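Keep the viewer open as you read.

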Amino acid sequence: MTQPLLDVAGVQKTYTGSGRTVEAVRDLTFSVGDGELVCIVGPSGAGKTTLLKCIAGLLEPTAGTVTLAGARVDGPPDAMAVVFQEYGRSLFPWMTVEGNVELPLKQKKLDKARRRELVRDALEAVGLADVHSAYPWQLSGGMQQRVAIARAVAYEPKVLLMDEPFAAVDAQTRADLEDLIRSLWHKLGVTILFVTHDIDESVYLGQRVLVLSSSPTVIMEDLAIDLPDERTQLETRSSPRFAELRGHVYEQIQLAKHRKGDQHQRDEVAPARSAHGATVAAEPGS
Amino acid sequence: MRGPVVDPVLRWGRTLGFALTLPVVLVTLWWVWSADSTNYYAPPLQTILTTFGDVWFSERLRADVLPSVTRLAIGYTGAVVLGVGLGVLLGANRTLRRVTEPVLEFFRAIPPPALIPILFLFAGIGDTAKVIVIVSGAVWPVLLNTVEGVRAVDDVLSDTSRSYGVTGLARLRHLVLPAASPQIVAGMRQALSISIILMVISEMFASTNGLGFSVIQFQRSFAIPEMWSGILLLGLLGFVLSLLFQLFERRSLRWYHGLRRSQRGEN
């Protein structure tokens, strides 16, 4: 790709609590080119959220730096928008859908006409043109997450960070939202960093997949996904190459879980199970 | 919100019917039982109601009711503003909270009327003193609830705000205060009844006008029906204020009740 837009260099994060320290992220170095769609996949408890918060400027890394477009990240940058997993807790329940999407734009000091335009376009882009004045809690989970995506899109970020955004929605909705992300990415040319624990999702969505180890986290593999750019739930997921890639990532994740160097007892079957779950659900669904 | 479709007027009428039945029964019983009362201290309700009109729809409305309501309004508003302001500060600052907590607990534990003698010594017996009494008693539920509400602001929502540049005053206005508003409003509801109590007590204690003063004056001069009518008026005042408060609560927390309903799966 072109020169890196986002550069993560030697990021380490250690939490110090009452009398004990936990090393969540050991040493992460990677970069994301302008316009890329990169997925980060790792077993549950791999410090994925910690990493994402460090990149978003919400947490300060213990060591290492994050650089966005040449400038060091030391607080939430304007050119970044985050979509969190817990849609129910990331939308303001006291504001309408429109209010939620508009608030960050007010903080950006955009004039009213421009704000209105951005809100309308963003809601239309995520397929929610007719719920402007509804409250988030009146919508289904999938629709709420669409609102959160619309808010991120309207913010016009260079980089869109997504932290397991579809982990809490049902399989059918999830497939729809995955396709929405691919199409928004094509349409807007935004750079996307997508964190997930779902192997299938990472392979289906990404141009590249970064495989993380268990905590304390390092990058085990930086895998290029050589699937065709035009992806559909049915064809892509049933292609032999898709199966190979997901098999490969799956093996890496299994390795990752057993190679948890330290005394960590975080072993869970979650990645494997959810990978199967997604496969089973997605095939007849789409 | 579901269930068979009922004509809204009919439903409203039925709600009103339920709400009014018991009061009507009680008033009727009072009326009937007291009708030929010869007890000097418990005159017939009819006498009390006649007196009510004569006493209160007169000069007293301006001379006694208005001062009371004004003290109440200023004292209550002061308590809410002070409680929310301090509550936001303490809720947002752990160190400050830990330093002030024991002192706050102590002051909260003092029954507010017990402060009246001291406050009147320092602030005289004028309106200021009465307002201070109301504030000093009514501020606690607002303050403590605001602290709790501010502390409990959701982490994810907080991160979301930060990442979208909602900081400083905008954070206070769009995140902290709305998030704490259910607790704040609950505190305000308690503060309202405390305010009314303290208004009456402070006026009974030392005053030259006001509702509490009038009731005590009537009692001391054996104007018994007048005294009863004053008590009735205080009851009505409290009732109307509580209705207004419910209206305010329903409006300001519409989102909260909707959210709760949807979480319980009723939406």
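**A histidine and its surroundings**

A polar atom of the His132(A) side chain sits 3.3 Å from the backbone oxygen of Ala129(A). That counts as a polar contact, defined as a pair of N or O atoms within 3.5 Å; within protein, one must be able to donate a hydrogen and the other to accept it, and residues adjacent in sequence count only if both atoms are side-chain atoms. Before going further, please note that this is a predicted model, in which local features need pLDDT of at least 70 and side-chain atom pairs count only at pLDDT 80 or more, while totals for chains, interfaces and linings use all residues. Residues are numbered from 1 along each chain as its sequence is written, chains are lettered from A and ligands numbered from 1 in the order in which they are written, and side-chain values use heavy atoms, with hydrogens and water left out.

You will find His132(A) in the loop between helix H4 (112–125) and H5 of chain A. Helices (H or I, at least four residues) and strands (E, at least two) are DSSP runs, numbered from the N terminus. With a relative accessible area of 19%, His132(A) is buried; the term means under 20% relative accessible area, against over 50% for exposed and in between for partly exposed (1.4 Å probe, protein chains only). Leaving out residues up to four places away in sequence, His132(A) touches Thr96(A), Val97(A), Glu98(A), Val119(A), Arg120(A) and Leu123(A), where contact means heavy atoms within 4.5 Å.

Now move on to helix H5 of chain A, which holds Gln145(A). Gln145(A) is buried, with a relative accessible area of 0%. Among the residues it touches, not counting those up to four places away in sequence, are Val83(A), Phe84(A), Tyr87(A), Pro165(A) and Leu177(A).

Zooming out, chain A has 10 helices and 10 strands, and 56% of its 286 residues are buried. Of the contacts in chain A between residues at least 6 apart in sequence, 71% join residues at least 24 apart.

The domain assignment, which is automatic or from a database, divides chain A into domain 1 (4–79 + 164–285) and domain 2 (88–156). Their contact takes 12 residues from domain 1 and 10 residues from domain 2. About 840 Å² is buried between the two domains, with carbon and sulfur atoms giving 71%; buried area is the accessible area (1.4 Å probe) that two parts lose on being put together, summed over both.

What about the nonpolar cores? Such a core is a set of buried Ala, Val, Leu, Ile, Met, Phe, Trp, Tyr and Cys residues joined through side-chain atoms within 4.5 Å. The largest has 91 residues, and Ile149(A), Leu160(A), Met162(A), Ile192(A) and Val249(A) touch the most other members. Helix H8 (residues 168–205) of chain B gives the most to this core, with 9 residues.

Finally, look at helix H7 (residues 155–163) of chain B: 7 of its 9 residues are buried, so H7(B) is largely enclosed by the rest of the structure. Those buried residues pack against H1 (48–56), S6 (80–83), H2 (87–90) and H5 (141–154) of chain A, together with H8 of chain B. At the start of H7(B), a side-chain oxygen of Asp154(B) comes within 2.8 Å of the backbone nitrogen of Val156(B). Just after H7(B), Gly165(B) has a positive phi of about 70 degrees.
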